[in-house]
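Here is a short briefing to read alongside the model. Please have the sequence and the 3D view open as you go.

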Amino acid sequence: MQLDRIHHAAIICADYVVSKHFYTEVLGLRVVAENHRAARDSYKLDLALPDGSQIELFSFPGAPARPTRPEAQGLRHLSFEVHDVQAAADELASQGIAVEPLRIDEYTGRRFTFFADPDGLPLELYEAAPAGNLEALLFELEGALHLREVRASAAKLEELLDDDFHELGVSGAVWTRDAIIDALRGEAFSARTMSDFRVLRVAPDVALVTYRAHRQAIAQRPAADSLRSSLWKRRHGRWRMAFHQGTPL
């Protein structure tokens, strides 16, 4: 079995109206669906984050309070990624939400802080990796796909290409993941270089890469230049290419 990602986290609240306001108006989560189950006298509110993950907010009559101090076994807290922790903390404070002083993660060097929902559930704001680091990482990963030893290895290609990968080639051909792996392993290799490399982060776990590629001449074919674009997606903490397109120059 392979788990893809966390689909949702479920939260039981004491006051449904108060918690609904907190998660939709203060935190700005999008409402996917809202249902009242009369037999249980219970509300179920489905809320979505931009990356597709969800929070299920429940109300149950007479639910016991959650032990928070000292920390109990089980779910410790929920963590939300933001691009600027200080700005997010300031926004919460302006709405009367108590926020702890910012701290630095000793392992990643990134900033984080904690606050609480209306029922005392600890919530964390964790700062996203700087854009410069992502650009360097994707430059390295994209460049790896131009190396002879990577293109000749099915195992290495499988590590870099997403399961649903497809490509629109410079010839106009459409390639699936399996087809491109077979084609690259049997190609006449040409060295390639990249220039004008740019990264646009379009979602927390999705980035668009664009650049100009130069392919050196070999006996089997002449040199060529092309414009390239790739869509990279982060799954299980690892970035993999989901789509690629080449346009000849």
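This is a predicted model: local features need pLDDT of at least 70, side-chain atom pairs count only at pLDDT 80 or more; totals for chains, interfaces and linings use all residues.

Residues are numbered from 1 along each chain as its sequence is written, and side-chain values use heavy atoms, with hydrogens and water left out. The protein has six helices and 14 strands; these are DSSP runs numbered from the N terminus, with helices being H or I of at least four residues and strands E of at least two.

**Overall form**

- The radius of gyration is 24 Å, well over the 18 Å that the globule rule gives for 249 residues, so the protein is more spread out than a compact globule. The radius is taken over C-alpha atoms, and the rule is 2.2 Å times the number of residues to the power 0.38.
- Along the principal axes, the C-alpha trace spans about 75 × 40 × 30 Å.
- Of the 249 residues, 36% are buried (under 20% relative accessible area; exposed is over 50%, and partly exposed is in between, with a 1.4 Å probe and protein chains only).
- The accessible surface comes to about 14600 Å², and 54% of that belongs to carbon and sulfur atoms (Shrake-Rupley method, 1.4 Å probe; for residues, only the protein chains shown count as cover).
- Among contacts between residues at least 6 apart in sequence, 50% join residues at least 24 apart (contact means heavy atoms within 4.5 Å).

- An open sheet with mixed pairing is formed by four strands in the order 5-8-7-6 (two strands pair if DSSP finds at least two bridges between them).
- Strand 5 and strand 6 (103–104) stand at the edges with a single partner strand each, so one side of each has no neighbour in the sheet.
- Strand 5 runs parallel to strand 8 (residues 122–127), and five bridges join them; Leu78 has Leu123 of strand 8 as its bridge partner.
- Strand 5 (residues 78–82) has Leu78, Phe80 and Val82 on its covered face, with Ser79 and Glu81 on the uncovered one.
- Strand 6 pairs with strand 7 (residues 111–116) in the antiparallel sense over two bridges, and Ile104 is partnered with Arg111 of strand 7.

**Aromatic rings**

- There are eight aromatic pairs in the structure (rings of Phe, Tyr and Trp, the last by its six-membered ring, with centres within 6.5 Å; planes under 30 degrees apart are stacked, over 60 edge-to-face and the rest tilted).
- Phe22 and Tyr23 form an edge-to-face pair, because their ring centres are 5.1 Å apart and their planes stand at 85°. Phe22 is buried at 4% relative accessible area, and Tyr23 is buried at 0%.
- Phe139 and Phe197 are also edge-to-face, with centres 5.0 Å apart and planes at 85°. Phe139 lies in helix 3 (residues 131–144) and Phe197 in strand 11 (residues 192–203), so this pair ties together parts 58 residues apart in sequence.
- Phe139 is partly exposed at 40%, whereas Phe197 is buried at 13%.
- Ring pairs also link Phe22, Tyr23 and Phe115 into a cluster.

**Positive phi angles**

- Most residues other than glycine have a negative phi.
- Asp41 has a positive phi near 50°. Asp41 sits in the loop between strand 2 (30–37) and strand 3 (42–48) and is partly exposed, at 47%.
- Asp196 has a positive phi near 55°, and its place is in strand 11.
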